[in-house]
Amino acid sequence: MSMVIAEHLHKAFGRFVAVRDASFSIDKGEIVGFLGPNGAGKTTTMKMITGYLPPTAGTASIAGFDVLKNPLEARRHMGYMPENVPLYDDMRVYEYLEYRARLKGICGSSVRQQIAFVIDRCGLEPKRKNMISTLSKGYRQRVGLADALLGNPDLLILDEPTNGLDPNQIRQIRELVRSLAEEHTVILSTHILSEVEQICNKVIIIDQGDIKAADTPANLTHGLRAAGRVSIEFKGDLDCVVKELEAFAPVKKVMHEGTLPGGWHRLIVRAEPGTDTREKAAAIIASHSFPMRHIYRHIPNLEDVFVEMTRRD
Amino acid sequence: MDDSTDTVKRTRSYFATLRTIYGKELKAFLGTPFGWVVLACTMGLQGFCLQAVLQIMSKATGEGVMYYMLSNVNFWFYFIFIFPLITMRSLAEEERQGTLEGLLTAPVTTAQIVLGKYFAAYTFYLILWLPMLLYPWMSDLGNMYTSIRYGIDPEGSITYRLADWVGPYCILALSGAFFIALGILCSAMTRSQIIAGILSTCLMITYYFMGRVTELWGEFPAAPAFHYLSITEQISAFSRGLIDTRPVVLYLTLTILTLALTKRVVDYRRWRR
């Protein structure tokens, strides 16, 4: 069942195109990471999904409700934490949460119950009576997260939830998001790859307004051309070894990266994804009795996928 | 997580949400030093105006104290600035802080946001005029003191004659409704509170002087239109107890028009991004 459907979303600010023809769908229960460099269009896309920013073209819907034609219904199914978590500095934490709870239509005894629930879930108990202006960044993110959780929405949209936090705080927020992901559909945007690898089961890579990939991390790394790359360091006749390596069938290209002090040549062997050329390469070098000190097969990860898709050369 | 297990009590009432926004905005006025500082300053200036009025009243023709307070030149000095002060931060600050995004992604309509802020600002404005209701009581205290201390009973002074109070308060409430709406409109048009304040002040001053055009230019053919709009004439008439329904209609319709325009402006600024 689809939670979010985006069709041909296009956003242009004058002549600058921020998001170009983005289409994707997110099913219920998925945890999706929007990955992309700064300025890629992640936040713009998220703002269009929430209905805050009207698209130049295209439509988006949440739980079947179009965000522009049926905004109130769509917003009732969504909890949104904007980038930089805007909060009212002149309110206390519990006051702010109460205000947001009532805005979302929660009434009666459920208000207090929901506030207690989100404060507990986000670890805000020690700060519940504090003014928001006195909170550290980590706690502000938690308040934003608590606000998004109010009313138990089906969909959580978190824009860079770990932005600007120190490593301890990042770990805590990630734990929190991971635990939330069990009961909600989550969309989060980030440029930290390890975050996506740890939390998400689907990745959408955006660069310069275009969606470059939308798939599970495993599928994405599988078909990568950087997979199967082997790096070798040896001392000896460079041309001979290169020629023999290139003659070997799965090898697509051999690159001489340079010569290190002591006469060690460093080679990068690019081969078919999924093949292991280490054995053959070692055999070739050993057959000439050349000394070899390093042979390593690169295991592809999301960073390779990301770099591959977003490089500027 | 389907609706059958959803145990959160919710309401879809339009007015519940409106009341939430209204309550929060009013608390921002009265629960922080801002509102009380504005109230204190206004009371101070009203008091200053009062001392000038008492001088006039000792030689005057028997109108109520409010008539002299509102026709005093000092009155306009603080009256015009109340409106930008109260309203300039209402929508401009939300946009600048980024919290407008939080409001527009909650299940709240633009109209609810505008009306909630408007009514909170209007309520606060009405509160600013409440301390003046104490003047007759203070005057009685003063008289009592004088009669005890000096044996003379100074009569007259400030009384609770209904005709003296209903009229002025009506015109203050009506014109205030419009001017607050104007201030909220200016706040909606920009991210900067200062520009909102300047815009609002300029519009207020323009409106005031439109009413006084006939004093400069005499009775030219279009003069009745300016007489109709003249706030000084309306205040003068109402303060004497003459409650004319034409300004009532004028201000109510202007207020509704301005609020509708404000709602459109907020939506427009979101859509044109």
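1. Packing of α9 and α13 in chain B. In this predicted model, helix α9(B), residues 162-188, and helix α13(B), residues 231-239, have axes that come within 7 Å. The two axes cross at roughly 145°, and the crossing of α9(B) past α13(B) is right-handed.

2. Residues at that contact. From α9(B) the contact takes G167(B), P168(B), C170(B), I171(B) and S175(B). On the α13(B) side, I231(B), Q234(B), I235(B), F238(B) and S239(B) take part. Sorted by class, six of the residues in the contact of α9(B) with α13(B) are nonpolar and four are polar, with no charged residues.

3. Secondary structure of chain B. The chain has 14 helices and zero strands. Its pattern along the sequence therefore reads α-α-α-α-α-α-α-α-α-α-α-α-α-α.

4. Dimensions and burial. The C-alpha trace of chain B spans about 80 × 55 × 30 Å along its principal axes. Of the 273 residues in chain B, 36% are buried. Among contacts in chain B with a separation of 6 or more, 75% are between residues 24 or more positions apart.

5. Contact with chain A. On the chain B side 25 residues are involved, and they are in contact with 29 residues of chain A. Helices α1 (14-30) and α6 (99-104) of chain B each supply at least two residues of the side that touches chain A. The largest share of that side is from α1(B), with five residues.

6. By class, the side of chain B that touches chain A has nine nonpolar, nine polar and seven charged residues. In the contact of α9(B) with α13(B), by comparison, there are no charged residues.

Note on methods. Residues numbered from 1 in each chain as written. Chains lettered and ligands numbered in written order. Predicted model: local features only at pLDDT ≥ 70, side-chain atom pairs only at ≥ 80, totals over all residues. Axes fitted to C-alpha atoms, helices over the stretch in contact; angles between N-to-C directions. Helix = DSSP H or I, 4+ residues; strand = E, 2+ residues; numbered from the N terminus. Left-handed = near helix turned anticlockwise from the far one by under 90°. Contact = placed C-beta atoms within 7 Å. Nonpolar A, V, L, I, M, F, W, Y, C, P; charged D, E, K, R; others polar. Buried ≥ 20, exposed ≤ 12 C-beta atoms within 10 Å, placed from the backbone.
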